[in-house]
Amino acid sequence: MRYIIILITMFATVPTFAQSQVKGELIIDGNKRSFLTYVPSTGKPGKMPLVISLHGGFASPKGMFHLADFRPLAEKEKFIVVCPASKHFWHDGADLHGIDDVKFIDHLITYIITTYHADADRVYVTGISNGGFMTTRLACQLHDRIAAIAVVAATLDVGEGYDLTAPMPVLYMHGTKDPVVSYNGGKLFGRSIFSHNETIKKWVALDNCDSKPIVTNIPDAAHDGTSVVKEEYHNPINGLKVVSYTINNGGHTWPGGWQYFPKFIIGKTTHNLNACEAIWEFFKPYSLSAKK
């Protein structure tokens, strides 16, 4: 999506883990595609899970590592993190302009599995905004390679390529005061998107989860003017879950991340929830074999 020029143009780096980040490149349909890979120090036997983290529009892998810093968790829990780079924005819709990002991520998964011996059974994808929409697109088209997804500040596109056909564990986080991607859906730069609640309902139906969720209210302990409502839908037969986090008064931000633009532009960042920790805890139990 060509939106969110204001979004996450973050170039600051965090040097603590820089020595463990490796820049890689792939050629996809004649286009050079780059990515940053963080590989933790070894310590656990067996193949490591893979988390692919997709930045927002007109952002960068370095910026995504800074905004959604999975590296401390990856070092502790022993999983690989890859932040690929888009061509300015992720081409997640029907009009790809010659850029096939589904193909790119498909090849990237194969590359990481081959190069770093990642666990092909435990590949997860997360993303924010434009990267969040791309995450949902991948869940639709690469469901045979991805064990679970987590989406922040994005929903589900009404258009081509977003047909939900295969059950999958999913998690969505969205701020009610998001000024860029509306929590309530509607039009977005010439495209139509479902609301947060409509997106959750579609996944609940597809995953055949109980319609009544387990609700957890997370108060404003950080005193930042936000609070969180977690709704967890469960399929008792196969263990699939659909998890919704509604960030009351939250903006177009990564929960627990940094306020990359002023509040009057992107809204508030909640510190009553750490998205990286919540997403990894959600991912951990799932594997491709468990979905089958």
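## Basis of the description

Contact here means heavy atoms within 4.5 Å of each other. The structure is a predicted model, in which local features need pLDDT of at least 70 and side-chain atom pairs count only at pLDDT 80 or more, while totals for chains, interfaces and linings use all residues. Residues are numbered from 1 along each chain as its sequence is written, and side-chain values use heavy atoms, with hydrogens and water left out.

## Nonpolar cores

A nonpolar core is a set of buried Ala, Val, Leu, Ile, Met, Phe, Trp, Tyr and Cys residues joined through side-chain atoms within 4.5 Å, where buried means under 20% relative accessible area, exposed over 50% and partly exposed in between, for a 1.4 Å probe and protein chains only. The largest such core has 44 residues, of which Ile 105, Leu 138 and Ile 149 touch the most other members. Helix H3 (residues 101–116) contributes the largest share of this core, seven residues; helices (H or I, at least four residues) and strands (E, at least two) are DSSP runs numbered from the N terminus. Apart from this core lies another, of 40 residues, among them Val 51, Val 81, Leu 240 and Ile 279.

Leaving out residues up to four places away in sequence, Ile 105 touches Ile 52, Leu 54, Pro 84, Trp 90, Leu 138 and Leu 142. Pro 84, found in strand S4 (residues 80–84), is buried, with a relative accessible area of 0%. Beyond its neighbours within four places in sequence, Pro 84 is in contact with residues including Ser 34, Phe 35, Pro 61, Trp 90, Phe 104, Ile 105 and Leu 108.

## Asn 272 and helix H7

Asn 272 sits in the loop between helix H6 (263–266) and helix H7 (275–283), and it is buried, with a relative accessible area of 12%. Its side chain makes polar contacts, defined as pairs of N or O atoms within 3.5 Å in which, within protein, one must be able to donate a hydrogen and the other to accept it, and for which residues adjacent in sequence count only if both atoms are side-chain atoms. The side chain of Asn 272 reaches the backbone nitrogen of Ala 222 at 2.8 Å and the backbone oxygen of Thr 226 at 2.9 Å.

At the start of H7, a side-chain oxygen of Asn 274 reaches to within 3.1 Å of the backbone nitrogen of Cys 276. H7 is mostly covered, with seven of its nine residues buried, and these buried residues pack against strand S3 (50–54), helix H2 (71–77), strand S5 (123–128), strand S6 (148–152), S7 and S12.

## Cavity and pocket

On a 1 Å grid over the protein atoms alone, a cavity is a set of points where a 1.4 Å probe fits but cannot get out, and a pocket is an open set with protein on both sides within 12 Å along at least five of seven lines; lining residues have an atom within 4 Å of a point. Grid points are joined across faces, edges and corners, and a volume is the space filled by probe spheres set on the points. A search of the whole structure finds one cavity of 30 Å³ or more, and about 60 Å³ of space lies in the largest cavity. Strand S7 (residues 170–175) gives the most to the lining of that cavity, with three residues.

The second largest pocket has a volume of about 160 Å³. H7 gives the most to its lining, with four residues, and strand S11 (227–234), strand S12 (241–248) and H7 each supply at least two.
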